[in-house]
Amino acid sequence: MKFMLDAGHGFNTAGKRSFDGMREYEFTRKVAAFARDMLASYQNVTVYFAHSDDRDVPLQERTNAANRLNVDAYVSIHANAFGSTWNDANGIETYVYTTNHQETYQLAQKVQNNMVSLTGLKSRGVKTANFHVLRETKMPAILVECGFMTNRNEAALMRTDDYQRKCAQAIVNALAAQYNLTKIQAPTPQPPTPTPPSNPAQPPVRSGLYKVQAGAFSEKSNADAHVRKLKSDGFAAFVFTDGLYKVQAGAFSERKNAEDLVARLKAKGYQAFIFTD
Ligand SMILES: [Zn+2]
């Protein structure tokens, strides 16, 4: 499966910011990045970005790329705005093109439902619109408005990692359900050394330890960034690889100690689980 994630706008797009200065793109790029990392835990998924941190990629360029790459679905991530001062307009809405193609509508419905259940915000429903990214894409394409930047509460939520992750998770859950994605199996046995093996084909050495994994990424730079974040939160962590770049946060001879670490990681908002080799 090939998916294109489209973080709406760019850093310097005029007008697209909240009254307290949050740029729409600051939010949408984070949701896209979290979604891509989450999608890395599924089999046979390739994720492309339509956007760039360097410039506001024109809409035509975004949809051309999606069509050329022949992606299976296109998800455009935005934040809503209404009025010229803080106001009460609120909630989540997801758009499909006016022809209301069935598969597209199903995907939109799943995104909308997951968004509302994970964020707890009001559902404004699935709607149709003649937006460029919906009209000019040849594959199912949806556009989700993840709350209102003109609503003080929702703008504050959008600044948080937790809310950004929830939006990403909602998109990923919807794609996984719509396209029957399968999770990559639990980690395969790893050599006990913290450095990546020079020869991944060498037979694994069993350590008998309870190890804690706190992330898996398709790109090493993302895994490295995750390690830095964990360290800044006081956790020891390093990257190992078996194709994916995985972040290990500890290894213990007693299962209880590994469970304690998982609990502390989860309390800080990290995903974590125990594996053995
Ligand atoms: Zn937008």
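Two strands pair if DSSP finds at least two bridges between them, and strands here are DSSP runs of E, at least two residues long, while helices are runs of H or I of at least four, both numbered from the N terminus. Keep that in mind as you click along. The model is predicted, so to speak of a local feature takes pLDDT of at least 70 and a side-chain atom pair counts only at pLDDT 80 or more, whereas totals for chains, interfaces and linings use all residues. Residue numbers start from 1 along each chain as its sequence is written.

**Stop 1: strand β6**

Select Asn80 and look across to β6, where Phe148 stands opposite. β3 and β6 are parallel partners, with six bridges between them. Now pick Glu93: its bridge partner in β6 is Glu145. β4 and β6 run antiparallel and are joined by three bridges. Eight of the eight residues of β6 come out buried.

**Stop 2: helix α3**

Next, select residues 102-119, the 18 residues of helix α3. The expected span is 1.5 Å times one less than the number of residues; for α3 that gives 26 Å, and the end C-alpha atoms are 26 Å apart, which agrees. Among the buried residues of α3 are Leu107, Val111 and Met115, along with Lys110 and Gln112. Show the partners too: the buried residues of α3 pack against β3 (73-80), β4 (92-96), β5 (123-128), β6 (141-148) and α6 (161-178). Just after the helix, Gly120 has a positive phi of about 75 degrees.

**Stop 3: the two domains**

Colour 2-178 as domain 1 and 210-276 as domain 2; these bounds come from an automatic or database domain assignment. Their centres, taken over C-alpha atoms, are 28 Å apart. Five residues of domain 1 are in contact with six of domain 2 (contact: C-beta atoms, placed from the backbone, within 7 Å).

**Stop 4: the four-stranded sheet**

Finish on the open sheet with the order β8-β9-β7-β10 and antiparallel pairing. β8 (238-241) and β10 (273-276) are at the edges with a single partner strand each, so one side of each has no neighbour in the sheet. Which residue stands opposite Phe217 in β9? Select Tyr245 to see. β7 (residues 210-217) and β9 (residues 245-252) are joined by six bridges and run antiparallel.

Note on methods
A residue is buried if 20 or more other C-beta atoms lie within 10 Å of its own, exposed if 12 or fewer, and partly exposed in between; C-beta atoms are placed from the backbone. Two residues are in contact if their C-beta atoms, placed from the backbone, lie within 7 Å.
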